[in-house]
Amino acid sequence: MLEKVKEIVAEGLDVNAADLTAETTFESLGADSLDLMDMVMTFEDEFGVEIDTEAIGDLKTIGSVVTYIEGLKK
Amino acid sequence: MRGRICGTGSYVPEHYYDNNDLSKMVETNDEWIRERTGIVRRHIAEEDTTVSMAVKAARNALADAKLNADDLDLILVSTITPNTVIPSTACEVQKELGAVNATCFDISAACSGFVYAYNTAQAYISAGMYRNILVIGSETLSGIVNWQDRGSCILFGDGAGAAVIRAEEGEILPSVTHSDGAKGQVLACESRQQKNWQEKENEKQTYVSMDGQAVFKFAVKKVPEVIGELLQKADLTEKDIDLFVLHQANLRIIESVAKRMKTDITKFPVNIEEYGNTSSASIPILLDELNKTGCLQKGQKIVLCGFGAGLTWGATLIEW
């Protein structure tokens with residue numbers, strides 16, 4: 001899942017997927033709240049989950065997205 | 001029978017606030033607003049009202065259509081910011097234009113209002129009830145915006161757009177509209193006229209309230225969906241459409257929609273930089289600008305798509 005999340009982030013923010021790790025923060029990539037919302041919608045479509053709008057503020061790193069979505073899928 | 005747009009018009013007040021003006025009123029700045037919304041200026045009605053802007057846009061549209069006001073048999077005004085509860089804005093416009101033969105009423109569907117009103121016009125024409133219809137979107141959003149709320153006051157502006165729709169032979173073109181009242185609270189504004197039988201200590205001041213992220217998500221999800229439904233109904237693909245004229249709510253919404261539809265952004269004309277979000281006026285103002293600058297050619301297929309409070313959203317196919 002980490003690789004797929006990286007791929008979505010790379011496409012969403014126009015950065016190189018190879019430069020991304022689980023620890024990469026969205027802030028360091030210059031993403032604002034609307035960028036994040038846009039990616040959240042792609043995560044929802046890709047992984048078949050619904051991400052609570054309230055939870056989005058806690059998704060600071062690529063790894064936190066993976067952990068959150070894995071939690072939803074359990 | 002079906003209707004064809006045979007004239008367009010628009011009007012925006014001269015006075016505007018640019019982002020630097022707003023940065024003196026609330027804590028914000030030009031860069032922040034541009035990056036998140038694409039908006040640079042929004043025009044503000046000083047002397048003008050929803051009626052006066054509607055009338056000026058209507059006169060432009062009638063001149064473009066080479067039609068007299070007394071040729072009109074229906075005037076539909078979409079607005080959420082009427083000057084008066086009664087009479088309707090449409091009746092006030094009728095009076096100013098001298099459109100003595102027209103039936104007049106307003107439609108309230110917020111930012112989807114122009115699309116809903118356009119569809120209503122098409123339905124009346126197709127039923128054979130009216131032939132020459134004036135459809136107007138006119139809004140004075142500056143009056144319902146909280147100018148101390150930096151999250152919302154940066155977004156909205158005032159203005160009006162109009163289109164004259166004439167009956168012609170042919171099949172009505174497809175449209176798709178939806179509403180979801182259950183999610184209405186993400187973008188709301190209470191009426192100030194409530195419970196007047198009660199003694200009130202303080203008159204309640206009400207303003208537009210908005211959950212920006214929820215509205216963004218709604219728009220970016222529903223706009224591609226409804227356009228997809230429309231294209232399927234019309235047996236067309238994105239490639240067959242020359243222009244997608246979307247409600248101008250936020251440049252970022254339009255960019256995300258284009259990306260999701262895998263369609264070149266150049267097919268999505270924008271003017272939000274100059275006017276901000278003018279609710280139901282945004283589509284007819286943009287359509288008028290495209291028309292008057294020669295960007296529209298006969299036979300072009302154009303999708304109009306509105307989305308906003310209600311929630312309401314819809315897309316309709318037009319042939320220029």
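This is a predicted model: local features need pLDDT of at least 70, side-chain atom pairs count only at pLDDT 80 or more; totals for chains, interfaces and linings use all residues.
Biologist: Okay, so what can I say about how strand E6 of chain B sits in the structure?

Modeller: Count the buried residues. In strand E6 (residues 132-140) of chain B, 9 of the 9 residues are buried, so the strand is largely enclosed by the rest of the structure.

Biologist: Which strand pairs with E6(B) in the parallel sense?

Modeller: That's strand E4 (residues 74-78) of chain B, with 5 bridges to E6(B). To find one on screen, look for B:Ile75, whose bridge partner in E6(B) is B:Leu134.

Biologist: And how many bridges join E6(B) to strand E7 of chain B?

Modeller: There are 9, and E6(B) and E7 (residues 158-168) run antiparallel.

Biologist: Now helices. Why do residues a few places apart on a helix point the same way?

Modeller: An α-helix has 3.6 residues a turn, so residues three or four places apart point the same way. Now look at helix H3 (residues 62-73) of chain A. In H3(A), A:Ile62, A:Val65, A:Val66 and A:Ile69 are buried. Seen down the axis, the buried residues of H3(A) fall within an arc of 100°, so they line one face of the helix.

Biologist: Which residues are exposed on the other side of H3(A)?

Modeller: A:Thr67 and A:Gly71. As for the buried residues of H3(A), what covers them includes helix H1 (2-13) and helix H2 (33-47) of chain A.

Biologist: What span should H3 of chain A have?

Modeller: At 1.5 Å a residue, its 12 residues should span 16 Å; the end C-alpha atoms are 17 Å apart, which agrees.

Biologist: How do I read the place where the chains touch?

Modeller: Begin with who touches whom: 10 residues of chain B are in contact with 7 residues of chain A. On the chain B side, H2 (30-37), H7 (212-234) and H8 (251-260) each supply at least two residues. H7(B) gives the most, with 6 residues. By class, that side of chain B has 3 nonpolar, 2 polar and 5 charged residues.

Biologist: Last one: why does B:Arg41 count as partly exposed?

Modeller: Because B:Arg41 has 18 C-beta neighbours inside 10 Å, and buried would take 20 or more. B:Arg41 is found in strand E3 (residues 41-43) of chain B. Leaving aside neighbours within four places in sequence, B:Arg41 is in contact with B:Tyr16, B:Asp18 and B:Glu274.

Definitions and conventions
Residues are numbered from 1 along each chain as its sequence is written. Chains are lettered from A and ligands numbered from 1 in the order in which they are written. A residue is buried if 20 or more other C-beta atoms lie within 10 Å of its own, exposed if 12 or fewer, and partly exposed in between; C-beta atoms are placed from the backbone. Helices (H or I, at least four residues) and strands (E, at least two) are DSSP runs, numbered from the N terminus. Two strands pair if DSSP finds at least two bridges between them. Two residues are in contact if their C-beta atoms, placed from the backbone, lie within 7 Å. Ala, Val, Leu, Ile, Met, Phe, Trp, Tyr, Cys and Pro count as nonpolar, Asp, Glu, Lys and Arg as charged, and the others, Gly among them, as polar. The expected span of a helix is 1.5 Å times one less than its number of residues. The arc is that of the directions from the helix axis to the C-beta atoms.
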